[in-house]
Amino acid sequence: MASPLPTTTTAEKIGIDEEEAADEVAVLAEGGRGTWKHAAFHVATTIATPAAYAPLPFALSSLGWPLGVSSLVGGTLTTWYSSLLIASLWKWNGQKHITYRLLGQSIFVVASLGNNIAIQIAAGSSLKAVYKYYHPDGALTLQHFIIFFGAFELFLSQFPDIHSLRWVNALCTFSTIGFAGTTIGVTIYNGKKIDRNSVSYSLQGSSSSKAFKAFNALGAIAFSFGDAMLPEIQNTVREPAKKNTYKGVSAAYVLIVLSYWQLAFWGYWAFGSQVQPYILSSLTIPQWTIVMANLFAVIQISGCYQIYCRPTYIFFQEKLLSQKTSNRIPFRTHLIRLLLTSVYMVVITLIAAAMPFFGDFVSICGAVGFTPLDFVFPALAYLKAGRMPKNRTVHRSMQIINISIATWFSVVAVLGCIGAIRFIVEDVRTYKFFHDM
């Protein structure tokens with residue numbers, strides 16, 4: 001586990017003026033300004049993005065009904081429990097652990113970068129779908145829309161912090177509800193229009209192919225519950241921060257259950273083993289509702305993207321800004337932010353445009369990033385922190401639960417990684433770079 005966060009503030013580290021530093025100290029001292037509702041908005045925006053639960057019907061089709069349902073329910077309950085563990089570790093031993101980047105270290109970098117590559121591909125796909133509705137013969141490709149989305153995120157990246165985007169994330173949360181409601185309704189409608197006798201739920205391919213698909217699906221489900229931002233979110237919440245975060249997380253998970261489970265089950269029911277990795281690609285009628293669902297998706301993804309890129313920005317700002325040159329360049333902080341965010345967007349956009357394999361990035365990110373970070377790490381961190389209940393029975397029960405979670409999901413991470421790498425290799429052989437998917 002990383003060392004406790006130093007008592008110096010971020011403002012002191014990166015060399016902004018004394019007035020701004022004093023304001024930051026005041027905010028940290030009072031534990032943030034957000035309510036539990038703001039926490040719920042942020043958590044829901046982070047987890048319940050269309051790019052996260054749109055692959056779930058495809059994951060179920062690779063696992064079948066029994067294993068698929070049990071994996072989805074198990075993932076939901078485990079990450080809810082893990083989120084509560086992380087929230088309880090936010091402040092202990094006299095220190096505030098306010099960033100997952102310090103807690104999870106390099107794992108966080110993999111999760112956040114992989115997440116933003118995947119959701120930028122999803123946003124580009126949705127924008128292209130809207131464009132094709134109005135211009136069926138249009139010449140713009142998926143890569144154009146990935147670039148357009150990257151430019152918009154560069155603009156949002158100039159806002160100073162997550163709390164400054166709270167109303168954006170509130171809009172994104174309502175867009176999540178709109179996306180889920182619209183997509184579930186259109187999925188059921190499409191399912192009823194299909195000849196039900198033609199829908200098959202059998203697992204496709206050879207025995208080895210079925211195994212790799214199942215491994216890949218486990219990574220996709222892990223990605224769907226990715227939440228690598230809870231400490232940062234908790235730091236924006238007013239006191240009692242721990243209690244308010246518990247309420248915010250639980251409220252967000254109510255929304256997650258209503259959206260995730262419904263879309264996963266109805267999507268698999270409607271299209272069976274032929275469902276696409278991005279559920280919107282399976283929908284055909286009515287077209288105007290599909291356009292609306294895609295617009296909801298883009299709005300929601302825009303907020304999720306920001307939540308995941310912020311800690312990376314802060315990390316590099318701390319490296320580049322120093323007291324020695326703090327007063328030499330006017331608007332220095334703003335210039336550094338513009339430079340960093342521009343470089344970040346160029347790199348992520350280039351990777352997303354070159355290899356727009358949405359399902360593959362979802363699985364590899366889930367296996368390598370979110371499974372260790374959101375399933376394994378919280379269980380082990382809580383055990384290491386020594387904050388177990390004094391009651392012997394409860395203490396022993398929590399030990400068994402945490403060790404079981406860490407062990408099982410370590411296996412899931414390895415299997416998911418194997419499956420994801422296999423499909424990435426296949427797609428690289430099949431498609432050229434910058435392929436218009």
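# Exercises on a predicted model

Leaving aside neighbours within four places in sequence, Gln300 touches Ala44, Thr45, Ala48, Thr49, Pro50, Cys172, Ser175 and Thr176. The model is a predicted one. Keep that in mind as you work.

## Exercise 1: A residue and its surroundings

Task: Find the element that holds Gln300. Then decide whether Gln300 is buried or exposed.

Solution. 
- Step 1. Locate the residue. Gln300 sits in helix H14.
- Step 2. Check its accessibility. The relative value for Gln300 is 0%.
- Step 3. Apply the cut-off. Buried means under 20% relative accessible area. Gln300 therefore counts as buried.
- Step 4. Look at the whole chain. The protein chain has 437 residues, and 54% of them count as buried. It contains 17 helices and 2 strands.
- Step 5. Look at contacts along the chain. Take those between residues at least 6 apart in sequence: 86% of them join residues at least 24 apart.

## Exercise 2: Two salt bridges

Task: State how many salt bridges the structure holds. For the pair Asp436 and Lys128, say where each partner lies.

Solution. 
- Step 1. Count. The structure has 2 salt bridges.
- Step 2. Take one pair. The side chains of Asp436 and Lys128 form a salt bridge, at 2.8 Å from N to O.
- Step 3. Asp436 is in the segment after H17, and Lys128 is in helix H8. They are 308 residues apart, so this pair links distant parts of the chain.
- Step 4. Judge the cover. Asp436 has 33% relative accessibility and counts as partly exposed. Lys128 has 13% and counts as buried.
- Step 5. Take the pair Arg422 and Glu426. Their side chains meet at 3.3 Å, N to O. Both residues lie in helix H17, 4 residues apart, which is about one turn of the helix.
- Step 6. Judge the cover here. Arg422 is partly exposed at 25%. Glu426 is partly exposed at 32%.

## Exercise 3: Classify ring pairs

Task: Which type of pair do Tyr131 and Phe145 make? Which type do Tyr133 and Tyr134 make?

Solution. 
- Step 1. Recall the cut-offs. Planes under 30 degrees apart are stacked, those over 60 are edge-to-face, and the rest are tilted.
- Step 2. Count the pairs. There are 21 aromatic pairs by this rule.
- Step 3. Read the angle for Tyr131 and Phe145. Their ring centres are 5.2 Å apart and their planes stand at 50 degrees, so the pair is tilted.
- Step 4. Tyr131 is in helix H8 and Phe145 is in helix H9, 14 residues apart.
- Step 5. Check accessibility. Tyr131 is buried at 17%. Phe145 is buried at 7%.
- Step 6. Read the angle for Tyr133 and Tyr134. Their ring centres are 4.9 Å apart and their planes stand at 85 degrees, so the pair is edge-to-face.
- Step 7. Note a cluster. Tyr53, Phe179, Phe225 and Tyr260 form one aromatic cluster.

## Exercise 4: A nonpolar surface patch

Task: Which residues make the nonpolar surface patch of about 460 Å²? Which elements give two or more residues to it?

Solution. 
- Step 1. List the members. They are Tyr133, Tyr134, Trp288 and Met292.
- Step 2. Name the elements. Helix H8 and helix H14 each give two or more residues to the patch. Trp288 belongs to helix H14.
- Step 3. Tyr133 is partly exposed at 34%. Tyr134 is exposed at 55%. Trp288 is exposed at 54%.
- Step 4. The accessible surface of the chain is about 19,000 Å², and 66% of it belongs to carbon and sulfur atoms.

## Exercise 5: Backbone details

Task: Where do Pro240 and Pro286 lie? What is the phi of Phe434?

Solution. 
- Step 1. Start with Pro240. The peptide bond from Glu239 to Pro240 is cis, with omega near -5 degrees. Pro240 lies in the loop between helix H12 and helix H13.
- Step 2. Go on to Pro286. The peptide bond from Ile285 to Pro286 is cis, with omega near -20 degrees. Pro286 lies in the loop between H13 and H14.
- Step 3. Finish with Phe434. Its phi is positive, about 65 degrees, although Phe434 is not a glycine. Phe434 lies in the segment after helix H17. At 44% relative accessibility, Phe434 is partly exposed.

Key:
Residues are numbered from 1 along each chain as its sequence is written. This is a predicted model: local features need pLDDT of at least 70, side-chain atom pairs count only at pLDDT 80 or more; totals for chains, interfaces and linings use all residues. Side-chain values use heavy atoms; hydrogens and water are left out. Patches are made of residues with over 30% relative accessible area and no salt bridge: like charges are joined within 9 Å, nonpolar side chains (Val, Leu, Ile, Met, Phe, Trp, Tyr) within 5 Å. Accessible areas come from the Shrake-Rupley method with a 1.4 Å probe; for residues, only the protein chains shown count as cover. A salt bridge is a side-chain nitrogen of Lys or Arg within 4 Å of a carboxyl oxygen of Asp or Glu. Buried means under 20% relative accessible area, exposed over 50%, partly exposed in between (1.4 Å probe, protein chains only). Rings of Phe, Tyr and Trp (its six-membered ring) pair if their centres lie within 6.5 Å; planes under 30 degrees apart count as stacked, over 60 as edge-to-face and the rest as tilted. Contact means heavy atoms within 4.5 Å.
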